[in-house]
Amino acid sequence: QYVLDRDGYTCQECGKKNVQLEVHHIKPRREQGADIPDNLVTLCRECHRKADNGLVCLNNRNGDRSKTRHATQTDIINGRICEYLTENGIPFTKTSGGDTKAIRQHFGLPKSHVNDAVCISLFYLYDNGADVDDVSIPDGYLMEVCHAKGTYQRSQGQALKKSRYINGYSHPAQQHHARILANRSKCKFGFRVNDKVTYNGRTWFLCGVRSAGNCVLKDIHGNRLKTESGKSSKTVNLKGLVRVSAATSRMREWVKT
């Protein structure tokens, strides 16, 4: 039913509607074709017969992909890790998603990767005899975001083209290579991209510094400071900022849960 609705109850080969429609496997089952929507297509009875006889060529929509392939790979890796830890005498505790969910619900925590990691660590304590009421949940976590050192020019102006040509980069490939490696410091009025600053009592990071003395701010999650309408990024004057720390290859901030 999902495939019929997705295709608008229309034959995807001839475009007919209001006729008897059938669901066709692009990669046949005899060739290990999966029963997933990407491998199914809506055809009328006539086009379906042509497809079965090889008279219609349909685009393969990754029909050989299995829904559970990623889960199978995870199980294999999980087994290898457990074998390695056991052979080397390293103690470990194996948990499941149900264990994590039970601990998360006990403490009333919302679903997130961070909270799941906390609950997994708590399960190790419970497994070793700790009382659930003796454990306290931290009020936050230290988030770290890595980024490239410096920024690079991605467009080539006429002045830069002329400069490259004069300095011997006459071949277009050489000009392109030199252009990509052209580094820009982006230091304006003592501020640099990714500097940690405070604005209106909140910590932000600079994601755009302009020669006019304005900038754009973002939080540790990459969300930009918006205007009151919320439709565009808010431009802030650099004079109203206080720098907490200079830009590094890692941005760190304590995030409260």
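**Exercise 1. Determine which residues P110 touches, leaving out those up to four places away in sequence, and where P110 lies.**

Step 1. Contact is defined as heavy atoms within 4.5 Å. Under that cut-off, and not counting residues up to four places away in sequence, P110 touches R104 and N115.

Step 2. The model is predicted: local features need pLDDT of at least 70, side-chain atom pairs count only at pLDDT 80 or more, and totals for chains, interfaces and linings use all residues. Residues are numbered from 1 along each chain as its sequence is written, and side-chain values use heavy atoms, with hydrogens and water left out.

Step 3. P110 sits in the loop between α4 and α5. Helices (H or I, at least four residues) and strands (E, at least two) are DSSP runs numbered from the N terminus.

Step 4. P110 counts as exposed because its relative accessibility is 55%. The classes are buried under 20% relative accessible area, exposed over 50%, and partly exposed in between (1.4 Å probe, protein chains only).

**Exercise 2. List the buried residues of helix α4 and state how they are arranged around the axis.**

Step 1. Helix α4 spans residues 97–106, and its buried residues are T100, I103 and R104.

Step 2. These residues cover an arc of only 100 degrees around the axis, so they are on the same side of α4. The arc is that of the directions from the helix axis to the C-beta atoms.

Step 3. Just after α4, G108 takes a positive phi of about 70 degrees.

**Exercise 3. Identify the residues of the largest nonpolar core that touch the most other members, and the elements that give two or more residues to this core.**

Step 1. A nonpolar core is a set of buried Ala, Val, Leu, Ile, Met, Phe, Trp, Tyr and Cys residues joined through side-chain atoms within 4.5 Å.

Step 2. The largest such core has 13 residues, and V197, Y199, L206, C215, L217, V236 and L241 touch the most other members.

Step 3. The elements giving two or more residues to this core are β8 (196–199), β9 (202–209) and β10 (214–218). Strand β9 gives the most, with three residues.

Step 4. Not counting residues up to four places away in sequence, L241 touches F191, V197, T198, Y199, L206, C215, L217 and V236.

Step 5. Another core, of eight residues, lies apart from it, and I26, L43, C44 and V56 are among its members.

**Exercise 4. Count the salt bridges and work through the pairs E22 with R45, E46 with K50, and D195 with R243.**

Step 1. A salt bridge requires a side-chain nitrogen of Lys or Arg within 4 Å of a carboxyl oxygen of Asp or Glu. By this rule the count is 10.

Step 2. In the pair of E22 and R45, the closest N and O atoms are 3.4 Å apart. E22 is in strand β1 (residues 21–25) and R45 in helix α2 (residues 45–52), so the pair links distant parts of the chain, 23 residues apart. R45 is partly exposed, at a relative accessible area of 37%.

Step 3. E46 and K50 meet in a salt bridge at 3.8 Å, N to O. Both lie in helix α2, four residues apart, about one turn of the helix. E46 is partly exposed at 45% relative accessible area, and K50 is partly exposed at 35%.

Step 4. D195 pairs with R243, the closest N and O atoms being 3.2 Å apart. D195 lies in the loop between β7 (191–192) and β8 and R243 in strand β12 (residues 242–245), so the pair ties together parts that are 48 residues apart in sequence. D195 is buried, with a relative accessible area of 1%, whereas R243 is partly exposed, with 42%.

Step 5. Salt bridges with shared partners join K16, E46 and K50 into one network.

**Exercise 5. Find the nearest side chain of opposite charge to E253, and the contacts of E253.**

Step 1. E253 is in strand β13 (residues 250–256).

Step 2. Lys and Arg count as positive and Asp and Glu as negative; His and the chain ends are not counted. E253 is buried yet has no salt bridge, and the nearest side chain of opposite charge, K196, is 5.7 Å away.

Step 3. Not counting residues up to four places away in sequence, E253 touches Y141, L142, M143, K196, T203, F205 and I220.
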